[in-house]
Amino acid sequence: EGASGGGSVVPMGGAVRTQENPRFEVRAVGSFEQQPGCPDYAATALGPERLEHVCKGECYNPTGVRRPIRHIDVVRIRPQRVAGETIAPLIEDPWKTFACDGDPSGCTVQFEDPDYATTGRDTVYYVRAHEPAIPAVNAAGIACERDAEGNCLEAKLCSGKPDDDCLAPEEPRAWSSPIFVDWAG
C-alpha cells in the first residue's frame with residue numbers, strides 16, 4: 001500500500017502532511033497454497049511419532065502457487081477533534097471495498113479520498129485483503145452444549161482425536177500498516 005499527497009509518495013506505515021486529497025495504490029498477493037503433509041526437514045527434525053502427536057502430520061508446507069485475493073477493504077479513521085465528539089461515525093470499516101479478479105499474481109487497486117480536503121482533518125487509512133474461505137482449526141470457535149434457553153451448559157473443545165479435526169471455514173485476511181495523512185492547515 002502506498003499514498004501520495006502533497007507531492008510525495010509514502011509507503012504503508014508512513015505519514016504525509018497535505019491539504020490535497022490523497023491518492024492510494026494498493027497491491028496485495030495471496031498466501032501460498034499449502035500441500036498436504038510436512039516437508040522432509042520437519043520429519044527429520046522431530047521424527048514421525050512426534051510430528052504426528054504435535055501437528056497430526058500437517059505442517060507449513062507451501063507450494064509456489066499463490067492463493068487469489070477476493071477483495072480489498074479500505075478502512076478510514078478520523079481522530080476526534082474534541083473530547084466528546086461521537087466516535088462511531090469517525091471509524092468507517094469498511095469505507096471502500098474493491099472486488100478482485102482472482103488472479104494469483106495479485107490484485108492492485110487505486111483510489112482517492114475525495115472528502116479529505118473539504119473536511120480538513122487528520123485521517124488514517126489501512127487496508128485488509130481477503131482470500132477465499134478455507135478449512136481452519138477452531139475457526140468456528142468453541143461449541144457449546146446448550147439448554148432450552150440457549151445457555152451454554154458445557155463447552156465442547158476440540159479433542160484432537162482422529163475423528164475430531166476441529167475444522168471450519170474461515171476467510172484468511174491480511175492487514176496493512178496504516179498510512180497517516182495529517183492535515184497541513
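Select Cys144 and look across to strand S13: its bridge partner there is Ala155. You are in a predicted model, where local features need pLDDT of at least 70, side-chain atom pairs count only at pLDDT 80 or more, and totals for chains, interfaces and linings use all residues. Residues are numbered from 1 along each chain as its sequence is written, and side-chain values use heavy atoms, with hydrogens and water left out.

**Stop 1**

Show residues 143-146 and 152-156. These are strands S12 and S13, paired in the antiparallel sense over four bridges. Strands here are DSSP runs of E with at least two residues, and helices are runs of H or I with at least four, numbered from the N terminus. Two strands pair if DSSP finds at least two bridges between them. Five residues sit between the strands of this hairpin.

**Stop 2: Leu157**

Move on to Leu157, in the loop between S13 and strand S14 (167-170). Is Leu157 buried or exposed? Leu157 counts as exposed, at 58% relative accessibility. The cut-offs are under 20% relative accessible area for buried, over 50% for exposed, and partly exposed in between (1.4 Å probe, protein chains only). Leu157 touches Ile142 and Asp164, not counting residues up to four places away in sequence. Contact means heavy atoms within 4.5 Å.

**Stop 3: the aromatic cluster**

Select Phe24, Trp95, Phe98, Phe111 and Tyr125. Ring pairs link these five residues, Phe24, Trp95, Phe98, Phe111 and Tyr125, into a cluster. Rings of Phe, Tyr and Trp (its six-membered ring) pair if their centres lie within 6.5 Å; planes under 30 degrees apart are stacked, over 60 edge-to-face, and the rest tilted. How many aromatic pairs does a search of the whole structure find? The search finds six. Zoom in on Trp95 and Tyr125, a tilted pair at 6.1 Å centre to centre with 55° between the planes. Trp95 lies in strand S8 (residues 91-99) and Tyr125 in strand S10 (residues 123-130), so the pair ties together parts 30 residues apart in sequence. Both Trp95 and Tyr125 are buried.

Stay on Trp95 and show Lys96. The charged end of Lys96 sits over the Trp95 ring, 4.7 Å from its centre. The rule asks for NZ of Lys or CZ of Arg within 6 Å of the ring centre and within 35 degrees of the ring normal. For another case, select Arg66 and Phe32: Arg66 lies over the face of Phe32, at 3.9 Å from the ring centre.

**Stop 4: Arg128 and its partners**

Next, select Arg128, which counts as buried at 9% relative accessibility. Which residue does Arg128 meet in a salt bridge at 3.3 Å, N to O? That partner is Asp73. Arg128 is in strand S10 and Asp73 in strand S7 (residues 71-77), 55 residues apart. Asp73 is buried too, like Arg128. A salt bridge here is a side-chain nitrogen of Lys or Arg within 4 Å of a carboxyl oxygen of Asp or Glu. By this rule the count is 10.

Asp93 is partly exposed, with a relative accessible area of 43%.

**Stop 5: Asp113**

Select Asp113, in the loop between strand S9 (107-112) and helix H3 (116-119). Asp113 is buried, with a relative accessible area of 0%. Its side chain reaches the backbone nitrogen of Asp115 at 2.9 Å. That is a polar contact: N or O atoms within 3.5 Å, where within protein one must be able to donate a hydrogen and the other to accept it, and residues adjacent in sequence count only if both atoms are side-chain atoms. Beyond four places in sequence, Asp113 contacts residues including Arg76, Trp95 and Tyr125.

**Stop 6: Thr123**

Finish on Thr123, in strand S10. Thr123 counts as buried, at 1% relative accessibility. A polar atom of the Thr123 side chain lies 3.1 Å from the backbone oxygen of Arg121. Leaving aside neighbours within four places in sequence, Thr123 is in contact with residues including Arg76, Tyr116 and Phe180.
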